[in-house]
Amino acid sequence: MFSVIRSEEKSFRNLVNGEWKDSTSGRFIEIRSPLDDSIVGRVPAMTTGEVDEAMEAARNAQDAWRIKTVSERAEILNAAADLLIENQEEIANLLILEIGKDHKSARSEVVRTADFLRFTADSGKNITGESLPGDSFPGFKNNKISVVKREPLGVVLAISPFNYPVNLSVSKIAPALVAGNTVVLKPATQGSLSGLYLARLFQHAGIPDGVLNTVTGKGSEIGDYITTHKDVDFINFTGSTEIGRHISKITEMVPALMELGGKDAAIVLADADLEMTAGQIVAGAFSYSGQRCTAVKRIIVIDTVADKLVELLRNKILDLKVGNPLEHEALDVVPLISTKSADFVCGLIDDAKQKGAKLIAGGSRTGNLVEPTLFDYVTLDMRLAWEEPFGPVVPVIRVHDKDEAIKIANESEYGLQSSVFTNNINDAFYVADKLEVGTVQVNNKTERGPDHFPFLGVKASGMGTQGIKYSIESMTRPKATIININL
Ligand code: NAP
Ligand code: G3H
């Protein structure tokens, strides 16, 4: 796979109109592994002229792609799924090196993405329209029928984050393509080698020239140019709230789907099965070192069961495997993506320590590897109560009752997901109904999948809805043709 996308040792190319293009400026960005600082590759810092070419290619390929049958488009997605599985080991190894994923998470990202492609192919074939009789509206006779079908929007700009460079690229590309859109993919810089590899797979799978194009370069340099580009009809973005807000501010009349940051709460009521709850919370908080939008990022527990829960959490945290994926295969907590991220997480830890939170586990750091950390007695004046660490540190906030738990949960600026742990179905619904989030998990950790479920954030956590069927709907619009019958 690499032979075409890499021009000379470790210098990569971009896919533009079916060709792997060398950088015209000769400006590259070094992608270093968060695991050993080795250079994994160099990606072009594309110029605005090169971006224009990618956009123009996507625009020009639109007409031919949208009139292909949905079965033809779906077939390419299925072929890409097969190729992902065939190349699973190589892609997983790239994910390990480029973004420091543990082996199990890297492999499961590939398999999940293949499943996503196949499901999207099937869902695309099941897109339906409707016909509406005119006489159901007051004052109209039965001489009108509206035939409504779904049309692609045009060129989709897909911007993905570093933490799932394969999966969160495909979750945008596949629904866009099956619905007849063409795509320009701008992967996270740390993750762009995986994004380029993915584009190569699509090319092998038979994607026509110009239907999928890639753009690499730092968001801080080319972000504004690509998001305000005249050829973009829809922006499908996953990343931080800060960048999502910025994109919203500078774009005009361009619809967007945004999945942003979170501060997911696990609310634990007094009657919860605490052993199961602790297992779910630890898995939810610390897998891939908490670098997941849906990681459990605060625990809000009724004080009568807090001591017991904290003890169970501590024991499970001590069992977590911590280390470098280049040295160990089975790990839960791995080095963070960058020194900046590790510094940020440690800033939250220091603030909690200074303000009197009780350190239960972890708290220290070796390089960018931050130990899985749990604080008890976190109070609302601490940064850890509100800020998203995107790292392995979780606060326990003790409350008197479920209403206080709901109040604190809803005071967050974020609203991605929450969990509620209880054996009382009435309490589960009482809490779920009052939480201002996209999804409430009852007796489970917060998580995105299964990928055909709706996935969305409210407040600062996003706008629009992902999930296979919902993503297809987001990237299509109704087109009505009205038959007027001369009665
Ligand atoms: P990020 O820094 O916001 O970057 C996300 C993407 O935006 C990257 O491709 C980045 O490119 C690009 N970008 C940066 N500045 C831009 C600009 N001005 N215009 C356009 N694009 C720009 O986020 P991240 O560090 O990759 O991911 C972590 C964050 O994403 C966390 O807050 C997490 O909660 C959130 N996230 C949310 C979800 C969800 O579904 N809700 C899923 C995953 C992650 P560069 O890499 O080149 O800067
Ligand atoms: O990081 C954000 C992802 O959308 C989370 O997905 O819950 O499957 O890890 P996940």
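**Two ligands and their surroundings**

Trainee: Which residues are around ligand 2?

Mentor: This is a predicted model. A residue is listed if one of its heavy atoms lies within 4 Å of the ligand. The residues around ligand 2 are R112, N163, Y164, R292, C293, T294, E447, R448 and F455.

Trainee: How do the residues of the shell around ligand 2 divide into nonpolar, polar and charged?

Mentor: The shell includes R112, N163 and F455. Arg counts as charged and Phe as nonpolar. The shell divides into three nonpolar, two polar and four charged residues.

Trainee: At what distance is an oxygen atom of ligand 2 from an N or O atom in the side chain of T294?

Mentor: A polar contact needs a pair of N or O atoms within 3.5 Å. For the side chain of T294, the distance to an oxygen atom of ligand 2 is 2.5 Å.

Trainee: How much of the accessible area of ligand 2 does the protein cover?

Mentor: On its own, ligand 2 has 300 Å² of accessible area.

Trainee: Is C293 buried or exposed?

Mentor: The cut-off for buried is under 20% relative accessible area. C293 has 17% relative accessibility, so C293 counts as buried. C346, with a relative accessible area of 14%, is also buried. As for disulfides, a search of the whole structure finds zero. The term for C293 is therefore buried.

Trainee: Which residues are the closest to ligand 1?

Mentor: Ligand 1 is surrounded by 31 residues. The closest of them are T189, G219, S240, L260 and E388.

Trainee: What share of the accessible area of ligand 1 does the protein cover?

Mentor: Ligand 1 on its own has 900 Å² of accessible area. The protein covers 87%.

Trainee: Which pocket is the space taken by ligand 1?

Mentor: The second largest pocket is the space taken by ligand 2. Ligand 1 takes the largest pocket.

Terms used
Residues are numbered from 1 along each chain as its sequence is written. Chains are lettered from A and ligands numbered from 1 in the order in which they are written. This is a predicted model: local features need pLDDT of at least 70, side-chain atom pairs count only at pLDDT 80 or more; totals for chains, interfaces and linings use all residues. Side-chain values use heavy atoms; hydrogens and water are left out. A polar contact is a pair of N or O atoms within 3.5 Å; within protein, one must be able to donate a hydrogen and the other to accept it, and residues adjacent in sequence count only if both atoms are side-chain atoms. Accessible areas come from the Shrake-Rupley method with a 1.4 Å probe; for residues, only the protein chains shown count as cover. On a 1 Å grid over the protein atoms alone, a cavity is a set of points where a 1.4 Å probe fits but cannot get out, and a pocket is an open set with protein on both sides within 12 Å along at least five of seven lines; lining residues have an atom within 4 Å of a point. A molecule sits in a cavity or pocket if more than half of its atoms lie within 2 Å of its grid points. A disulfide is a pair of cysteine sulfur atoms within 2.5 Å. Buried means under 20% relative accessible area, exposed over 50%, partly exposed in between (1.4 Å probe, protein chains only).
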